[in-house]
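Here's a quick briefing to read with the structure open beside you. Take it topic by topic and find each residue as you go.

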Amino acid sequence: IEKQLRTIQAISNNRFFLGVGTGNVTAGRSDLIKQFLSTISSLKSSINGLKIYVAALKEGMARKAAGSAAGIILHGSTFNHARKMARIFRENGGKMVFSYLKVFISWNINAAQRMALDELKKYSSFPHYASLFERENVTVNAINDVNNKIKELQGKGVLLVNPLPSE
């Protein structure tokens with residue numbers, strides 16, 4: 001992989017960055033985290049200008065990544081969780097924090113909402129995300145409450161959604 005990363009760095013004039021994550025690491029496997037962070041440090045030192053960003057769902061990873069990663073990537077985070085993770089990362093010397101939000105678009109609002117709920121259900125099946133969602137009160141019921149509020153605001157003419165195409 002190092003040769004491939006060197007090639008991409010050269011082709012992109014050192015503008016490439018790499019996002020990595022550990023996946024679902026079970027309890028008691030801190031050796032995997034140490035190896036993961038060691039690999040990041042090794043790649044950074046051997047490939048000039050390579051920026052590596054680490055997916056960090058839990059506080060421990062945000063703390064540990066601060067020493068070796070250019071930044072952290074947050075996904076599936078509430079605003080409160082993202083703020084907390086950014087604070088922890090920065091308190092430990094980290095600088096850049098990315099957080100992204102998936103947006104589901106359809107001509108039919110019910111279809112878009114169904115896609116969002118399906119995504120929530122998928123991530124809820126992963127233990128680390130399930131515990132985060134539980135702590136942050138992210139549930140299907142909470143999502144349904146938001147959807148109902150959207151419909152209420154639409155009914156009052158406060159919130160507009162693109163109409164169906166005339167086809």
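This is a predicted model: local features need pLDDT of at least 70, side-chain atom pairs count only at pLDDT 80 or more; totals for chains, interfaces and linings use all residues.

- Four strands make up an open sheet, and they line up in the order 1-2-3-4 with parallel pairing.
- Strand 1 (17–20) and strand 4 (96–100) are the edge strands, and each has just a single partner strand, so one side of each has no neighbour in the sheet.
- Going from one strand to the next, the twist averages 25°.
- Strand 1 pairs with strand 2 (residues 51–55) in the parallel sense, over four bridges.

**A nonpolar patch on the surface**
- Leu-101, Val-103 and Ile-105 team up as a nonpolar patch on the surface, and together they have about 390 Å² of accessible area.
- To find Leu-101, look in the loop between strand 4 and helix 5 (109–124).
- Leu-101 counts as exposed because its relative accessibility is 72%, and the cut-off for exposed is over 50%.

- Helix 6 covers residues 127–135, and its buried residues are Tyr-129, Leu-132 and Phe-133.
- Looking down the axis of helix 6, you'd see these buried residues fall within an arc of 95°, so they line one face of the helix.
- Here's a handy bit of background: an α-helix has 3.6 residues a turn, so residues three or four places apart point the same way.
- What does the face of helix 6 turned away from its buried side carry? That face has the exposed residues Glu-134 and Arg-135.

**Two asparagines with positive phi**
- Most residues other than glycine have a negative phi.
- Asn-13 isn't a glycine, yet it has a positive phi of about 55°.
- Asn-14 also has a positive phi, near 60°, and is a residue other than glycine.
- With a relative accessible area of 59%, Asn-13 is exposed.
- Asn-14 has a relative accessible area of 40%, so it counts as partly exposed, a label for values between the 20% and 50% cut-offs.

Note on methods. Residues are numbered from 1 along each chain as its sequence is written. Side-chain values use heavy atoms; hydrogens and water are left out. Two strands pair if DSSP finds at least two bridges between them. Helices (H or I, at least four residues) and strands (E, at least two) are DSSP runs, numbered from the N terminus. Axes are lines fitted to C-alpha atoms, for helices over the stretch in contact, and angles run from 0 to 180 degrees between N-to-C directions. Patches are made of residues with over 30% relative accessible area and no salt bridge: like charges are joined within 9 Å, nonpolar side chains (Val, Leu, Ile, Met, Phe, Trp, Tyr) within 5 Å. Accessible areas come from the Shrake-Rupley method with a 1.4 Å probe; for residues, only the protein chains shown count as cover. A salt bridge is a side-chain nitrogen of Lys or Arg within 4 Å of a carboxyl oxygen of Asp or Glu. Buried means under 20% relative accessible area, exposed over 50%, partly exposed in between (1.4 Å probe, protein chains only). The arc is that of the directions from the helix axis to the C-beta atoms.
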